[in-house]
Amino acid sequence: MKFFYVYILHNKQKNFIYVGYSKNLKQRIKQHNSGKSKSTKAYKPLKLIFYEAYPTKSDAKRREKYLKSNKGKTTLMTMLRSYFK
């Protein structure tokens with residue numbers, strides 16, 4: 001079964017968090033860290049700090065959209081509270 005992944009990348013020195021989704025998580029993280037993604041190019045290196053797997057693209061996109069919202073950011077900070085201490 002193929003999955004779609006919602007992932008969170010972080011650069012502690014630059015205080016940067018990125019939320020995205022992909023069908024191939026390993027490849028996508030490599031793209032981010034090699035500078036091939038415009039949105040994260042200035043913030044590399046990025047560390048994968050969280051991911052979730054979904055069976056459909058629409059579920060993954062819905063979760064990504066939620067985590068990028070104000071309420072989702074609050075949820076994210078609550079979920080990863082220990083990491084951000």
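**Ground rules.** I'm working from a predicted model, where local features need pLDDT of at least 70, side-chain atom pairs count only at pLDDT 80 or more, and totals for chains, interfaces and linings use all residues. Numbering runs from 1 along each chain as its sequence is written, and side-chain values use heavy atoms, with hydrogens and water left out.

**Fold.** I looked up the element order and got β-β-α-β-α-α-α from the N terminus. Helices are DSSP runs of H or I with at least four residues, strands are E runs with at least two, and both are numbered from the N terminus. Of the 85 residues, 34% count as buried (under 20% relative accessible area; exposed is over 50%, partly exposed in between; 1.4 Å probe, protein chains only).

**Helix α1.** In α1 (residues 25–33) I find Leu 25, Ile 29 and His 32 buried. They fall within an arc of 55 degrees seen down the axis, so they line one face of the helix; the arc uses directions from the helix axis to the C-beta atoms. That buried set packs against β1 (4–11), β2 (16–22) and β3 (47–54), with contact meaning heavy atoms within 4.5 Å. Lys 26 and Lys 30 are exposed on the face turned away. Just after α1, I noted Gly 35 with a positive phi of about 85 degrees.

**α2 against α3.** I checked α2 (residues 57–68) and α3 (residues 70–79): they pack at about 90 degrees, axes 4 Å apart. Axes are lines fitted to C-alpha atoms over the stretch in contact, and angles run from 0 to 180 degrees between N-to-C directions. Among the residues meeting there are Tyr 66 and Leu 67 from α2 and Leu 76 and Met 79 from α3.
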